[in-house]
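User: I would like to learn how to read pockets and aromatic pairs in a model. Could you take me through them one at a time?

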Amino acid sequence: MPFAQPALVLCLALAAGPVLAAGVDDAELAELRATLAALQARIAVLEAQAAAGSAGDPAPEAKTAPQLDAGPGLDIAAAGDGAAHFGIGGRIHYEAYAFDRDQRPATGGSEFRRARFQIEGEAAGWGYRLQAELSGRNTDLRDVYLERRFGDSTLTLGQFKPFRSMEDLTSSNDVALMERSFNSSAGLFADRQWQQGLGLLHAHGSGSLGVSVFNLREDNTPRNEGWGSAVRATWAPHFNARDLLHLGAWWSHEQGGRDTPATAIKPAYGGRRGPEALLFESAAGSDFKQRSTGLELAGRRGSLHWQGEWTRTTLTGVAGEAHIEGRYLEAGWLFGGVRAYDRGEGVFAAPVGIGPGGLWELVARGEQMHRRDLTGFAVRRWVLGLNWYASEDVRFMLNLTSGQDDATGDSPRQLALRAQYVF
């Protein structure tokens with residue numbers, strides 16, 4: 001404190017007063033008392049200044065100095081009311097593949113499946129996110145949007161994932177297997193995972209309702225005047241720290257435009273880089289139309305978790321209509337942890353309970369997709385996965401895939417490995 005030294009002098013002086021009074025005359029005693037009075041007045045001034053400083057505004061440096069939060073990536077917020085902040089993060093997914101080929105060729109090797117960088121934050125009541133995918137030959141944009149919250153609802157404008165398919169909306173950092181099911185953009189929506197448009201997501205006490213309207217163009221794709229809409233509702237009637245029951249339903253409609261490019265549904269039944277089966281192909285232009293409906297069932301009971309989806313799709317092109325049906329069922333067991341669940345978005349998240357030695361997970365999935373209007377056009381795939389969560393940020397995945405194309409009889413197998421880091 002600034003007045004500690006004068007206060008000490010005063011205390012010593014008061015304590016020595018009786019002794020001094022015995023050996024000094026009246027004039028010296030009066031001078032000593034005057035000095036003590038001056039010291040008391042100075043202490044009173046210093047105390048008043050200290051009180052005013054603690055009750056007033058903080059120093060200018062304290063207003064502008066950023067606060068850094070520990071954890072993956074970097075989160076910076078302005079001190080004070082916290083109205084503005086931004087974070088920097090990303091993900092690295094490095095994968096390697098080896099095939100046991102059957103009738104059709106497949107390409108093994110390794111690749112950076114994802115090397116993604118993102119900036120997100122909030123300013124003046126608006127949130128934002130910018131994701132750039134750096135892997136591959138081009139730099140593509142993924143999530144790029146502005147968002148605004150209104151109570152329990154969030155309005156999103158930009159490029160984002162339409163509200164359809166639990167498997168599609170689950171982050172690639174959190175999916176239990178390396179490849180998404182046929183019933184997602186990995187098959188049913190022909191890689192149309194991100195679309196540009198407007199979305200409104202309402203999160204209520206036990207579920208969510210999302211509505212999105214979008215065009216059929218993603219960044220770095222050809223011009224496309226097609227449009228689409230999607231609605232998804234989820235409900236978790238039973239939810240606690242260890243148990244969950246998830247019910248979901250969604251509907252999607254897409255309509256081609258003059259500059260809509262040709263599209264095809266070609267599930268990779270042998271795993272990534274493996275052979276594909278052509279179930280539908282449309283010509284370019286406004287004749288393309290796709291209507292899809294899906295039902296979801298998922299849950300967990302302690303370390304056990306499961307999810308499944310059933311879909312039906314009607315596609316229209318220059319060759320007429322095609323009817324496709326798909327389904328999958330996936331189940332996993334965490335040796336000591338519990339898979340997290342986000343009720344506001346209706347998706348599974350990364351496991352909780354990762355200890356110093358990491359966390360192991362065993363996962364299996366069976367899936368099938370076929371043409372309902374044509375006999376013999378069907379694909380099947382069985383996947384067995386082993387995951388090791390070394391920490392909250394590092395995961396290693398090993399997948400064994402066995403697939404089959406009924407039309408050709410091809411039955412390849414694949415062994416795949418991923419090293420994943422999230423920051």
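User: What volume does the second largest pocket have?

Analyst: This is a predicted model, in which local features need pLDDT of at least 70 and side-chain atom pairs count only at pLDDT 80 or more, while totals for chains, interfaces and linings use all residues. Residues are numbered from 1 along each chain as its sequence is written, and side-chain values use heavy atoms, with hydrogens and water left out. Rolling a probe the size of a water molecule over the atoms shows where empty space is left. A pocket here is an open set of points, on a 1 Å grid over the protein atoms alone, where a 1.4 Å probe fits, with protein on both sides within 12 Å along at least five of seven lines; lining residues have an atom within 4 Å of a point. The second largest pocket has a volume of about 1,500 Å³, and 50 residues line it, with Ser 185, Ala 190, Asp 191, Arg 192 and Arg 272 nearest its centre.

User: How are the rings of Trp 388 and Phe 396 arranged?

Analyst: A pair of aromatic rings is described by the distance of the centres and the angle of the planes. Rings of Phe, Tyr and Trp (its six-membered ring) pair if their centres lie within 6.5 Å, and planes under 30 degrees apart count as stacked, over 60 as edge-to-face and the rest as tilted. The count comes to 8 aromatic pairs. Phe 160 and Phe 163 form a tilted pair, 6.3 Å centre to centre with 40° between the planes. The centres of Trp 388 and Phe 396 are 5.9 Å apart and their planes are at 15°, so this pair is stacked.

Conventions
Grid points are joined across faces, edges and corners, and a volume is the space filled by probe spheres set on the points.
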